[in-house]
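Please examine the model shown below.

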Amino acid sequence: MSAMKRGVNSLTELPERVRLNELPKQPDLSGQRDRYMPDSRTGDVEKICDWISNSTELVLNVHGSAGVGKSTLAVHLSDELRSVGRLAASIFLGAFPTATSGPETIIKMLAHELGSIHSRAIPKILDAIDACHGTSLEVHLKKYILEPLQSLDYPRPLIIIVDAIDEWRDHPTFIQALAHLNSSTTVVKFIITSRLGPHASRLPDVDRVSMRAYFLRPVSTDVIKAYFNKHFRAVRWMNGRKPTAEEVNRLADLSGGLPVWASTVVSLLSLPFNELPPHETLFEILTSQQHVGSSEGPLADLYSNALKRLFPTPKSQMHFRQFFGAILVLQEPLSQADFASLADMATHLIDHIQSVLSALQTRSPPPGSEKDIHPASALYHLSFLEFVQTMPESTMDNSFTISTFDPHSALGLTCLKVLNTLPPLPSRQTHAYLSLTGLQRYAVKYWPHHVYNGTHRSNEQWSQTAHSSILREMSSATRQRWKVQFLKVLLPAQEGEETDGEDGQEQEESMTSILRNLAGLLDEVGGDYWGFQVALLEVATRLDGGNVGVWTELGECYHGMGEGIGGLEICEAGVVAFRHAVELLPGTHPDRSEALKRLGMALQSCYQLNGDVGILNEAISQHRAALALSPDCPTLLKPLFAGLLYLYVEVGDTEILSESLSIFGEAFSFHPATDLVDRITALNDLANVFEAV
């Protein structure tokens, strides 16, 4: 009877699990190769556990240099906390591409982890799925994380671990939103890892988050020596030529206490089919390494020397750059055959390069996907990815330096060619879509991303590219097929847009119009599609650089995201787009004043992030110019008032304060005395501006 009851219960729980599994989930990380060495971080673990038990802060920021072992520690903490029932969820952002994952997606990934670990939280998580569409990030945190944890009614807070948070573009927005959970530390606490501490990273409003910083130092040389002695036992030394105690000591000194340095050395010595026996490889490492205090550092030296050994000829180095450049910009895993077509590489070359590069991998592919080609960030340490993308100093060889521009350009061109192979849309009679191949699906989803990152904006340069030629000559039928398939791939719940099918009348819609409409649709549905919106609009500026609307929409996209995540570089991109829009409008054009206002507000956002008074003065100048064109427009007064108030705080000139208040009074006069609602709103706006400065 009890067995039957358990079976009935499992059947009733199945629909809940199915809905939970509809949430985004992080890849399987069980193949991560390097494990925590017992007792290597005992002191750190004890201090972190003390923080968990006795602190009142919401967040512990564990920070340290590249390769110091932050992720290994995060994995160990995750395992230990889960074993004692204290882990709510953990996510490892350095282990998969996050370029198109916004804060909502990451919160949903955490919720999926939470529900997988604590099944009693699933009902509240499913409520969040129904309740959170189009809501703020704070609501997402409350519904997806806080309320499910509250429903568990545990006596002590559960811990959420977010590793490598600074490798994620949108982490400032996520951290800012955590402030709303400051009073919930009896329910949940967060441990995040990053390279920089909270104040060194200059995150906006970080002081509003209840947070403690914990600096993770390199491990001791004794720990590194113990690591070498353990793993050297598995190396196949020829004729008993094992390293001496002195050589192990020298290696430990050269490591600088960085575990990733030590694990890379072991991998190089263990590489199958190495032309040199292990003892000779070890001798090369010891004789070629510079001291830890060199400007390049131990990791750069090790990577440079390792690549020279693995790819000794100019031709092999060219093949390395082609392969690794492609996986640097690859957005999601592909089968080897699809990747070979995308990167225009022979499969035997791919096999060989993968085999050779296995010595530098710090992670293994998820189980079952070993034969697929994965984005570089899923398999290699961030320090290695940065090494191959950094132009070395004159003392080092640049044969392995990769600019991502060229791989993006090459993959984008292949993707555009693949669009011409898309299957016809369904007819009115069949209503059945033909399935896409893996390569077709990838091309549909990511060609704008690659083309945007692999071409220049200027019309002179763009018009000479093969990308431009393909898009100019693309048939309306192909454009329509791509549009519909793009929506099906990215927004499956939207069921795509209505189409007449291949037997209906073709919609003569330009690619520029399609790109703008798709970007607008993504903005309407909400969610984490900002990266796709930018890519769509960036390509639109290349196709129609004289279109004011395209530049304005691109500027709004950058400006909105820059304000949201506090990213100066993104805000500056918005300024550039708005400048283009202003330049395209003659001095008397009725839309010029609004364009100047947008430019001024974007400049003001940059000032708020970098404190450059020169930028603030330019913002004020743009607001004045806008007001001069439309003196009777009250919406132009508020940004000028705010800009002058910021300037007063900077320089302390009472005349500036007097002018700003005079402008506010002028704006206030536009609201009739009988319109109390508008006047109260205006006064509230005044209070908000004073609070902001």
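The questions and answers below treat selected residues in turn.

Reader: On what basis are the values given, and is Thr 264 buried or exposed?
Author: This is a predicted model, in which local features need pLDDT of at least 70, side-chain atom pairs count only at pLDDT 80 or more, and totals for chains, interfaces and linings use all residues. Residues are numbered from 1 along each chain as its sequence is written, and side-chain values use heavy atoms, with hydrogens and water left out. Buried means under 20% relative accessible area, exposed over 50%, and partly exposed in between (1.4 Å probe, protein chains only). Because its relative accessible area is 3%, Thr 264 is buried.

Reader: Which residues touch the most other members of the largest nonpolar core?
Author: A nonpolar core is a set of buried Ala, Val, Leu, Ile, Met, Phe, Trp, Tyr and Cys residues joined through side-chain atoms within 4.5 Å. The largest one has 135 residues, and those touching the most other members are Phe 228, Phe 324, Trp 447 and Trp 482.

Reader: With which residue does Asp 44 form a salt bridge?
Author: A salt bridge places a side-chain nitrogen of Lys or Arg within 4 Å of a carboxyl oxygen of Asp or Glu. Asp 44 counts as buried at 14% relative accessibility. The closest N and O atoms are 3.1 Å apart, and the partner of Asp 44 is Arg 41.

Reader: How many salt bridges does the structure hold?
Author: One of them joins the side chains of Glu 553 and Arg 516 at 2.5 Å, N to O. The structure's total is 18.
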